Amino acid sequence: MAAFCVGVTGGVASGKSEVTRRFQALGVVVADADVAARAAVETGSEGLAQVVAAFGRDILDAQGALDRAAMRRLVFGDETARRRLEAIVHPLVRAMLRAQCEAAVGVYAIAAIPLLAEGGGREAYPWLDRCLVVDVPVAVQQARVMRRDGIEVELAQRMIAAQATREARLAIADDILVNDGPIEALQVQVEALDRRYRAMAESLRG
């Protein structure tokens, strides 16, 4: 049972998924918020029942599953609807992540939370022992998003602007992994952080 939990976050195209993959390769259990968000509203779940109660059956497809395209259309540009949806899904996701981290085999576990800063920060996740921010300059983010998604600069800028600012993410960081170089440079940083977290977790165990 892991008694030490690290939250990992970062902006779009910061490389946080690659970072968590490298932690996994070192034997660390990673609980993924994106995976948990899908599970929270899967067919037959209590979460989906709450979403239907809030928004009606029009957000279901013919098989009774959540019609994600219809849901996106409903909440896009509608702040009230988006907040209603988040009020249902976010607590379920937080509970799933905590349960997965606490049940993880190993001395520590990671919760990968892309929207940690946007979703209430450390206050919403008081059970996190550390917060690791994967950080890149905005100009690097923009270039990576354009290359990755094949989009124009204006759309890349809007995607970045829709998230928390770089400063807001850094404000909640205990540790910062700067990922503005070649991907090969990540491994040394990840291994150093892994050693640090293992030592911290073992000290808690006494």
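Cys131 is buried, with a relative accessible area of 0%; here buried means under 20% relative accessible area, exposed over 50% and partly exposed in between, with a 1.4 Å probe and protein chains only. The model is a predicted one, in which local features need pLDDT of at least 70 and side-chain atom pairs count only at pLDDT 80 or more, while totals for chains, interfaces and linings use all residues. Residues are numbered from 1 along each chain as its sequence is written, and side-chain values use heavy atoms, with hydrogens and water left out.

The sulfur of Cys131 lies 13 Å from the closest cysteine sulfur, in Cys101, too far for a bond. The structure holds zero disulfides, a disulfide being a pair of cysteine sulfur atoms within 2.5 Å. Cys101 is in no disulfide, and its nearest cysteine sulfur, that of Cys5, is 4.4 Å away. Cys101 is also buried, at a relative accessible area of 0%.

Turning to helix 3 (residues 46–55), its buried residues are Gly47, Leu48, Val51, Val52 and Phe55. Seen down the helix axis, they fall within an arc of 140°, so they line one face of helix 3; the arc is that of the directions from the helix axis to the C-beta atoms. Helices (H or I, at least four residues) and strands (E, at least two) are DSSP runs, numbered from the N terminus. The buried residues of helix 3 pack against helix 2 (33–40), helix 4 (68–75) and helix 5 (79–103), with contact meaning heavy atoms within 4.5 Å. On the other side of helix 3, Glu46 and Ala53 are exposed.
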